[in-house]
Each structure stands twice: as C-alpha cells, then as structure tokens.
Amino acid sequence: MKKILPFLTIIIIIAIIVIIFLSMSNKKQMVVIYEGNHTHQAIDIKLNHFQDTQCGMTIVANKHSAQAVSPEGKTWFFDDVGCLALWYNNIKFQKDVILWVYSNDTNEYIDARTAWFNRTDTTPMGHGFGAFKEKKDGLITFDEVTLKVLRGEDLRNPYIKKELLGK
C-alpha cells in the first residue's frame, strides 16, 4: 500500500490539472468567424471574446479593428488594419467582400474602401494604419495600405519607422 500511494497521488493530481485545463478552454470559446451576417453590417465585437483571423490575437479594443463580410454572410475579424490587408490579399472574392474599419475620427465602423488612413498610429500588431472617415493631407487609401503592407512598408519595418517617426 505504501508503494501504491505516491503513484495514486500523482495520478489524481494529473487528473485534476487536466480537468481544470479542459474546463477553462470550454469557457473561452473565442469567435474567429461569425456566420449568418446577412445584413452585411459590422458586428458588435465583444471585447476579449473575438479573435483576429490573420494573426490569432484576441481583440481587446475596437480602435484599429476591422471586419470583412462575405456575400454569404460570413464575418472575419481583425485587431489591426494590417492584418485585414494581409488576409484580403489572399482571398478569391476580393471584389465581393465588404470591408469595415473602425474610424479614429467617428468611433464607428466605416467602409474601408472609402476610408482614409494615416501611417503612424500605434496599432496592436504594429502596422501603424489608423482609419479616418474624413480626408486630410497625408492620408492614403485602403488600396495603398494593402500595397504598403505587402511590400513591408509599414511601421514594422525599422527603416520606414525611422522615416515616418524619426525613431
């Protein structure tokens, strides 16, 4: 009995740890893709419950977030406009997808294709693109954002960061 007791204790401890981890993973249930968005509008994101489709980060703030809605009503979520641009480049239905970005000047989701972007915001993944509804000097279009992300011409590039921020 004395030889079996340590072995049983270890088995019980391992079982308790496994049960705790399984119960924690069931409660989180992160949303990566939302289905049934037939109105094709931006979804109200529940912070810390939605996950970026491209990089896998949890969305902790609306600012700098983005969404993409397919014609069938599937919605993908992004914590950074740069992540949206990377994802957008790899889809086959680019012409049909509806893109939403959270606007810095209106604090609401706006159409990414009509939005204007600066290049120097502090964003979750460090790309640096902040969306605006109103056009101002120095702002660029979503097509330019996509091109700059694909070329590596965003704040994640130390040369671009130094050029734009002097750092």
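## Close-up views of a predicted model

**View 1. Asn 118 in strand β6.** Asn 118 is buried, with a relative accessible area of 12%; the structure is a predicted model. The residue belongs to strand β6. Leaving aside residues up to four places away in sequence, Asn 118 is in contact with Gly 128, Phe 129, Gly 130, Phe 132 and Leu 139. Thr 141 is 23 residues from Asn 118 along the chain, and the C-alpha atoms of the two are separated by 9.1 Å. Strand β6 (116–118) is also among the elements against which the buried residues of helix α2 pack.

View 2. Helix α2 covers residues 81–89. Seven of its nine residues are buried, so the helix is largely enclosed by the rest of the structure. The buried positions are Val 81, Gly 82, Cys 83, Leu 84, Ala 85, Trp 87 and Tyr 88. These residues pack against strands β2, β3, β4 (98–102) and β6 (116–118), and against helix α3 (142–151).

**View 3. The open sheet.** Five strands make up an open sheet, in the order β1-β3-β2-β4-β5, with antiparallel pairing. The edges are taken by β1 (33–34) and β5 (109–111), each with a single partner strand, so one side of each has no neighbour in the sheet. β1 pairs with β3 in the antiparallel sense over two bridges. In that pairing, Tyr 34 has Thr 75 of β3 as its bridge partner.

**View 4. The β2–β3 hairpin.** Strands β2 (residues 66–69) and β3 (residues 75–78) pair in the antiparallel sense over four bridges. The two form a hairpin with five residues between them. Within the turn, Gly 73 has a positive phi of about 95°. Ala 68 has Trp 76 as its bridge partner in β3, and Val 69 stands opposite Thr 75 of β3. Thr 75 is also the bridge partner of Tyr 34.

**View 5. The side chains of β3.** In a regular strand, side chains alternate between the two faces of the sheet. In β3, Thr 75 and Phe 77 point one way, while Trp 76 and Phe 78 point the other way. All four are buried. Strand β3 is also one of the elements that the buried residues of α2 pack against.

View 6. The relative accessibility of Asp 111 is 31%, so the residue counts as partly exposed. Its contacts, not counting residues up to four places away in sequence, are Leu 99 and Trp 100. Gly 138 is 27 residues from Asp 111 along the chain, and the C-alpha atoms of the two are separated by 19 Å.

**View 7. Two loop residues with positive phi.** His 64 is placed in the loop between β1 and β2. Its phi is near 75°, a positive value in a residue other than glycine. With 5% relative accessibility, His 64 counts as buried. Asn 107 is placed in the loop between β4 and β5. Asn 107 has a positive phi of about 55°, although it is not a glycine. At 52% relative accessibility, Asn 107 counts as exposed.

**View 8. The whole chain, for orientation.** The protein has four helices and seven strands. From the N terminus on, the elements run α-β-β-β-α-β-β-β-β-α-α. The radius of gyration is 21 Å, well over the 15 Å that the globule rule gives for 167 residues, so the protein is more spread out than a compact globule. Along the principal axes, the C-alpha trace spans about 80 × 45 × 30 Å. Of the 167 residues, 38% count as buried. Among contacts with a separation of 6 or more, 52% are between residues 24 or more positions apart. The protein exposes about 10300 Å², of which carbon and sulfur atoms supply 57%.

Conventions
Residues numbered from 1 in each chain as written. Predicted model: local features only at pLDDT ≥ 70, side-chain atom pairs only at ≥ 80, totals over all residues. Heavy atoms only, no water. Pairing = 2+ DSSP bridges. Rg over C-alpha atoms; globule rule 2.2 N^0.38 Å. Buried < 20%, exposed > 50% of the residue type's maximum accessible area, 1.4 Å probe, protein only. Contact = heavy atoms within 4.5 Å. Areas by Shrake-Rupley, 256 points an atom, 1.4 Å probe, with all protein chains shown as cover.
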